[in-house]
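Open the structure in your viewer and keep the selection panel at hand. We will go from one stop to the next.

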Amino acid sequence: MSDLNWREEALEELKKVPSFVRGMARRAVESYVKSNGQSEVTVGDVRAARDKHIKFAEDDKASEKKKTRIAVVRCETVSEVCPGVACFKAFNSRHAHFKEYDDDCEMIGYFTCGGCSGRRVSRLVDKLVDHGLDVVHLSSCMMLEGEYPKCPHRKQIRANIEAKGIRVIEGTHH
Ligand code: SF4
């Protein structure tokens with residue numbers, strides 16, 4: 001815990017710093033305030049410390065974010081018999097439902113739903129949002145009738161992801 005007194009407006013200002021560098025920003029502000037011999041943190045201190053110590057990290061992250069970041073969620077049941085090769089092949093060759101992506105796209109997550117009714121999806125999407133997630137693909141195994149039935153929960157899974165502001169595409173390799 002800090003021994004400094006944070007003014008309410010200073011805390012509000014700190015919230016404007018992107019979450020991935022907020023902890024670093026808080027430490028930088030406190031160190032800046034202490035080095036000035038103060039015991040209270042003001043809005044001005046937050047702005048000054050941000051400009052001096054954090055801006056570079058935000059700028060780096062902003063240029064990194066130009067890539068489109070995608071993830072695939074797939075069926076827990078089907079994962080027992082499928083290592084996901086077809087999904088990865090399709091992504092690597094930008095085939096089927098990955099056609100629209102160019103080289104400025106990377107897959108940052110590939111995970112199973114956690115079993116009916118997809119209990120793991122929301123939590124993992126939240127984690128990936130912190131890493132700049134743009135799009136989630138529901139794997140083709142969730143969409144197709146075959147050895148396994150279509151996922152009966154896919155509409156709800158889709159709606160839950162879209163409610164977080166993330167685009168959803170149904171399908172991966174066919
Ligand atoms: S929720 Fe859908 S994708 Fe997940 S295990 Fe059940 S059927 Fe498979």
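Two strands pair if DSSP finds at least two bridges between them. Helices (H or I, at least four residues) and strands (E, at least two) are DSSP runs, numbered from the N terminus. Residues are numbered from 1 along each chain as its sequence is written. This is a predicted model: local features need pLDDT of at least 70, side-chain atom pairs count only at pLDDT 80 or more, and totals for chains, interfaces and linings use all residues.

**The sheet.** Select the open sheet of four strands, ordered β4-β3-β5-β6 with parallel pairing. β4 and β6 (167-170) are its edge strands, each pairing on one side only. On average, neighbouring strands are turned by 25° against each other, direction ignored (axes are lines fitted to C-alpha atoms, for helices over the stretch in contact; angles run from 0 to 180 degrees between N-to-C directions).

**β3 and β4.** Next, pick residues 68-74 and 105-112: seven bridges join these parallel strands, β3 and β4. Thr68 faces Cys105 in β4.

**β5 and β6.** Move to β5, residues 135-138, which pairs with β6 over four parallel bridges. Find Leu138; its bridge partner in β6 is Glu170.

**The helices.** Select α5, residues 121-129: this helix packs on the sheet and touches β3, β4 and β5 (contact means C-beta atoms, placed from the backbone, within 7 Å). The direction of α5 makes about 155° with that of β4. Then show α7, residues 154-162, lying across β5 and β6 and running at about 175° to β5.

**The ligand.** Which residues are around the ligand? Among them are Cys75, Cys113, Cys116, Cys151 and His153 (near means a C-beta atom, placed from the backbone, within 6 Å).

Notes:
Contact = placed C-beta atoms within 7 Å.
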